[in-house]
Amino acid sequence: HNQQVVRYYNLCDIFVLPSVSSTQEGFGLVALEAMACRRPVIVTNIVGVAKEVKVNNLGVVVEPKNVEQLSKALEDLFLDKNKLKDMGANAYNLVKDKYTWVRHVDIVEGEYLKAVG
């Protein structure tokens, strides 16, 4: 199943997560999965990873239920293949540097060591 999901991420040019409810979406793990496959993302500003997307040039952040913003973001990205490639590379680097399991284990281990002194 996981290999199939990765295959689909790799088949797309842009991953779109048009979330409309923060209680249903939360952080946006699927956006991170797409970014790990070097795909730029379009997310709504309620997705937890939206700030990272905006600040690090990983894709585009739009307002929930704003069809015009979403369609413009898609059009702009499809018309600029270099931008797609750059955003995809940025996305991959962010996931590699910040969101791997090894990175999280190191952070948790560090916190435990601080707690026990």
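Predicted model: local features only at pLDDT ≥ 70, side-chain atom pairs only at ≥ 80, totals over all residues.
1. Which residues of α3 are buried? They are A31, L32, A34 and M35. Looking down the axis of α3, these buried residues fall within an arc of 160°, so they line one face of the helix. As a reminder, an α-helix has 3.6 residues a turn, so residues three or four places apart point the same way.

2. Now for the partner helix. The axes of α3 (residues 29–36) and α6 (residues 81–98) come within 7 Å of each other, and they cross at roughly 110°. Angles of 65 to 115 degrees count as roughly perpendicular, and α3 and α6 are therefore roughly perpendicular to each other. As for handedness, α3 passes α6 in a left-handed crossing.

3. Who touches whom at that crossing? On the α3 side you'll find L32, M35 and A36, and they meet G88, A91, Y92 and V95 on the α6 side. Sorted by type, the residues of this contact come out as 6 nonpolar, 1 polar and no charged.

4. Two loop residues deserve a look, and I14 is one of them. I14 sits in the loop between α1 and β1. Is I14 buried or exposed? Its relative accessible area is 9%, and the cut-off for buried is under 20%, so I14 counts as buried. Setting aside neighbours within four places in sequence, I14 is in contact with P40, I42, L74, L77, F78 and L84. F27 makes a handy distance check: I14 and F27 are 13 residues apart in sequence, and their C-alpha atoms are 19 Å apart in space.

5. The other loop residue is S19, found between β1 and α2 (22–25). S19 has a relative accessibility of 8%, so it counts as buried too. What does S19 touch, not counting residues up to four places away in sequence? The list is E25, T44, I46, V47 and P64.

6. For contrast, go to N2, which has its place in helix α1. N2 is exposed, with a relative accessible area of 61%; exposed here means over 50%. Between N2 and P40 there are 20 Å in space, C-alpha to C-alpha, and the two are 38 residues apart in sequence. P40 has come up already, as one of the contacts of I14.

7. Last, the chain as a whole. The secondary structure comes to 7 helices and 3 strands, and from the N terminus on the elements run α-β-α-α-β-α-β-α-α-α. The C-alpha atoms fill a box of roughly 55 × 30 × 25 Å along the principal axes. Of the 117 residues in the chain, 30% are buried.

How values were computed
Residues numbered from 1 in each chain as written. Heavy atoms only, no water. Axes fitted to C-alpha atoms, helices over the stretch in contact; angles between N-to-C directions. Helix = DSSP H or I, 4+ residues; strand = E, 2+ residues; numbered from the N terminus. Parallel < 35°, antiparallel > 145°, perpendicular 65-115°, else oblique. Left-handed = near helix turned anticlockwise from the far one by under 90°. Contact = heavy atoms within 4.5 Å. Nonpolar A, V, L, I, M, F, W, Y, C, P; charged D, E, K, R; others polar. Buried < 20%, exposed > 50% of the residue type's maximum accessible area, 1.4 Å probe, protein only. Arc of directions from axis to C-beta.
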